[in-house]
Amino acid sequence: MLEQMGIAAKAASYKLALLSSREKNRVLEKIADYLEAQSHEILLANEQDLLEARRNGLSEAMLDRLALNPARLKGIADDVRQVCKLADPVGQVIDGGLLDSGLRIERRRVPLGVIGVIYEARPNVTVDVASLCLKTGNAAILRGGKETWRTNAATVKVIQQALEECGLPAGAVQAIESPERELVNQMLRMDKYIDMLIPRGGAGLHKLCREQSTIPVITGGIGVCHILVDESAEIEPALKVIVNAKTQRPSTCNTVETLLVHQDIAASFLPALSKQMAESGVTLHADEQALALLQSGPAKVEAVKTEQYDDEFLSLDLNVKIVADLDAAIDHIRQHGTQHSDAILTRTLRNADRFINEVDSSAVYVNASTRFTDGGQFGLGAEVAVSTQKLHARGPMGLEALTTYKWIGFGDNTVRA
């Protein structure tokens with residue numbers, strides 16, 4: 001089965017690479033329209049997935065990731081329309097010039113070919129990946145989690161209908177619907193057909209892909225994100241940012257998981273934090289020093305476990321740790337962070353500059369929420385992933401991250417001396 005999918009995807013990628021921007025946008029517009037016109041079928045499939053997920057005891061955070069409703073589905077369709085408006089990077093000349101030999105060279109963006117994406121309970125990823133891949137002339141093979149197989153199948157059916165009505169092969173976007181784990185292992189070895197693999201899931205999935213894949217892998221999406229409140233931070237503005245970073249959508253990878261508080265501000269800041277977190281329904285997990293200052297406050301608080309510094313809560317839970325200085329905060333982030341998104345709340349330019357230069361994450365913020373790490377928020381359109389590695393792509397991966405380039409030389413019967 002996978003062999004046939006690979007053959008179809010590779011053949012489709014050759015056709016997609018030749019499309020003009022206008023032709024690609026026409027497909028995307030039709031996909032967006034069909035997602036809304038056939039929303040009933042997609043939402044019905046999602047209801048069945050949610051029902052089974054609840055029976056299987058999925059957490060509320062995972063159920064939130066899985067759930068679709070008319071508003072979310074419309075938002076997904078609007079994201080596709082937004083991709084239509086973005087500049088097409090394919091064919092863009094990056095650089096070049098005339099050489100002494102008389103050869104004129106240029107470096108031009110081209111599609112990668114076939115993108116494989118493995119993801120868990122996030123049905124919006126199906127459309128995000130498909131739209132970005134199609135815009136950049138890439139075919140896609142998708143393997144969603146077993147929790148979303150009905151939703152993914154219904155969504156891909158709509159996408160393939162739009163493709164065929166535009167005269168393009170359905171093999172341009174395909175989904176592996178079977179939940180069999182062995183199919184993932186087979187997919188990891190499809191280097192004959194898949195040019196880049198993107199896992200979007202937990203640490204176990206990323207480890208499996210790094211160790212077993214014969215395809216280049218882009219890892220990311222695991223966000224143990226931090227916010228440092230330094231000694232110069234203003235309490236009320238700082239609390240506003242923290243509430244947004246923790247509660248706006250707790251199940252996302254750019255949600256803050258650990259709050260680092262400078263010792264000089266802790267006695268005044270933590271009581272205010274407790275009041276705000278109680279109102280927001282957040283449970284605090286505090287180190288020994290912070291626990292002493294938080295126990296008399298209204299927020300639910302308990303002693304932090306060491307392993308919690310290394311994990312995503314993906315829920316209304318927040319670690320709180322008091323640090324002696326900026327050096328201690330940076331050391332903590334280096335030890336426990338995942339190089340995703342980290343922020344400092346400060347009124348000191350020197351501290352801001354040091355944080356920017358010394359925290360080696362894909363996105364670093366000064367006086368802003370970590371929730372901004374998102375392709376749409378960055379103006380990239382829907383993202384295919386957030387890369388936390390350093391080669392090829394880093395941070396939210398938009399259109400350019402799904403291209404490579406080729407060198408092109410123009411001569412006049414030019415030969416090398």
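**Notebook: a helix pair and an open sheet**

The model I am reading is a predicted one.

I then looked up which residues make this contact. From helix 2 I listed Asn25, Leu28, Glu29, Ala32, Asp33, Leu35 and Glu36. From helix 5 I listed Leu73, Lys74, Ile76, Ala77, Asp78, Val80, Arg81, Val83 and Cys84. Sorted by class, the contact of helix 2 with helix 5 has nine nonpolar, six charged and one polar residue.

I found an open sheet of seven strands, with parallel pairing and the order 10-9-11-8-7-12-13. Which strands are at the edges? I noted strand 10 (301-303) and strand 13 (363-366), each of which pairs on one side only. From one strand to the next, the twist averages 20°.

Strand 9 (residues 283-286) pairs with strand 10 in the parallel sense, over three bridges. Within this pair I found Ala286 opposite Ala303 of strand 10. As a reminder to myself, strands of a sheet pair through backbone hydrogen bonds, either parallel or antiparallel.

Last, I checked what lies across the sheet strands. Helix 10 (residues 235-247) lies across strand 7 (225-229), strand 8 (256-262), strand 11 (317-323) and strand 12 (341-345). I recorded that helix 10 runs at about 160° to strand 8.

Conventions
Residues are numbered from 1 along each chain as its sequence is written. This is a predicted model: local features need pLDDT of at least 70, side-chain atom pairs count only at pLDDT 80 or more; totals for chains, interfaces and linings use all residues. Side-chain values use heavy atoms; hydrogens and water are left out. Contact means heavy atoms within 4.5 Å. Helices (H or I, at least four residues) and strands (E, at least two) are DSSP runs, numbered from the N terminus. Ala, Val, Leu, Ile, Met, Phe, Trp, Tyr, Cys and Pro count as nonpolar, Asp, Glu, Lys and Arg as charged, and the others, Gly among them, as polar. Two strands pair if DSSP finds at least two bridges between them. Axes are lines fitted to C-alpha atoms, for helices over the stretch in contact, and angles run from 0 to 180 degrees between N-to-C directions.
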